[in-house]
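Grab a pencil and have a look at the model below.

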Amino acid sequence: MNELSLHILDICQNSTKANASLISIIIEESTKKNTFTIDIIDNGDGMDKETLERVTDPFFTTRTTRKVGLGISLFKMAAEQSNGFLTILSEKTKGTSLKCMFELNNIDRAPLGKIEETIAILLLNAEGADIVYKHVVNDLIYIFDSREVKEVLEDVPLTDLNVIVWIKDNIKEGILNIHKEETL
Amino acid sequence: MKSLADLKKIRDAAQKKVTMRGKNDGTRVLVGMATCGISAGARPVMNKFVELITEKNLDTVTVTPVGCIGECSIEPIVEVLVGEQRTTYCRVDEKVAERIFTEHIIGGKVVEDNIIGKFRL
């Protein structure tokens with residue numbers, strides 16, 4: 001996977017499978033600290049201690065269709081390659097939070113890529129968890145909250161593809177704007 | 001910036017459509033979106049379907065991400081469900097997605113080149 005947003009899509013599918021109703025994705029770019037952090041927090045089923053210890057093992061999966069589970073291992077590898085780390089906290093019935101840190105200017109850090117496509121696909125999931133996406137670039141912040149969009153939509157479903165396209169454009173432009181403002 | 005006013009316009013248009021649509025016996029497109037699918041390129045494929053459907057304004061077609069069916073080596077896998085008929089496509093890229101859309105979803109004819117049977121391991 002050559003984009004961090006592809007890893008995010010992959011990881012968030014775990015939240016969906018764990019029956020989360022809210023997934024928060026927080027990206028923070030700090031030129032001062034030279035860090036690029038991704039936090040993914042859900043309110044899903046969570047894991048017990050034993051499962052948590054094994055999740056970064058590529059030969060562990062909850063899937064029954066195959067015997068390997070590479071999602072978290074690949075994300076961890078991507079972080080460690082760029083002088084970062086990945087940690088997961090989880091509590092049964094409370095939810096799971098994952099933190100992934102990268103060196104911002106590390107040559108091996110993959111670009112974030114099309115995060116708007118990732119969020120669009122997550123919103124199209126049949127389980128329909130709400131998504132909060134927060135992107136921070138130094139002091140500038142962009143926030144997307146699917147619950148706010150739902151409020152505007154009234155009885156129109158969020159999965160209406162015209163709405164999905166609007167969301168995608170909104171996120172893409174939002175992130176572009178904070179990056180533009182930052183360089184001014 | 002895509003404004004809230006734009007979103008309200010989309011809402012109003014959708015509300016009008018709902019009253020006209022009636023029973024929905026539409027087509028469902030399922031895209032495998034587990035680790036294997038994602039790393040094989042399922043996200044741009046799914047995005048392509050979203051774009052094509054909105055371009056043509058087909059409100060009877062839905063796209064949904066699904067998990068892994070255990071055939072990771074022939075991902076990206078796309079299933080098209082029309083009524084009782086289920087067609088499973090494998091090794092789908094954006095070009096194939098476009099063909100599936102025009103030839104199968106609109107034209108009603110299965111794209112034989114990429115159905116799963118042709119890629120037996």
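Predicted model: local features only at pLDDT ≥ 70, side-chain atom pairs only at ≥ 80, totals over all residues.

Residues are numbered from 1 along each chain as its sequence is written, chains are lettered from A and ligands numbered from 1 in the order in which they are written, and side-chain values use heavy atoms, with hydrogens and water left out.

**Exercise 1. Describe the interface of chain A and chain B.**

Step 1: Start with the area. The two chains bury about 3100 Å² between them, 65% of it on carbon and sulfur atoms. Buried area here is the accessible area (1.4 Å probe) that two parts lose on being put together, summed over both.

Step 2: A:Val152, A:Leu161 and A:Trp166 supply 21% of the area that chain A buries against chain B, more than any other three residues.

Step 3: Count who takes part. Chain A brings 40 residues to the contact and chain B brings 35 residues, where contact means heavy atoms within 4.5 Å.

Step 4: Look for charges. The rule finds 3 salt bridges across the interface, a salt bridge being a side-chain nitrogen of Lys or Arg within 4 Å of a carboxyl oxygen of Asp or Glu. One of them joins B:Arg43 and A:Glu117 (3.4 Å, N to O).

**Exercise 2. Where does A:Glu116 lie, and is this residue buried or exposed?**

Step 1: A:Glu116 lies in helix H4 of chain A; helices (H or I, at least four residues) and strands (E, at least two) are DSSP runs, numbered from the N terminus.

Step 2: Check its accessibility. With a relative accessible area of 9%, A:Glu116 is buried (buried means under 20% relative accessible area, exposed over 50%, partly exposed in between; 1.4 Å probe, protein chains only).

Step 3: List its contacts. Leaving aside neighbours within four places in sequence, A:Glu116 touches A:Lys168, A:Ile171 and A:Lys172.

**Exercise 3. Which residues form the aromatic cluster?**

Step 1: Apply the rule. Rings of Phe, Tyr and Trp (its six-membered ring) pair if their centres lie within 6.5 Å; planes under 30 degrees apart count as stacked, over 60 as edge-to-face and the rest as tilted. That gives 2 aromatic pairs over all chains.

Step 2: Take A:Phe36 and A:Phe102. Their ring centres are 6.2 Å apart and their planes at 80°, so this pair is edge-to-face.

Step 3: Take A:Phe75 and A:Phe102. Here the centres are 6.3 Å apart and the planes at 50°, so the pair is tilted.

Step 4: A:Phe36, A:Phe75 and A:Phe102 form one aromatic cluster.
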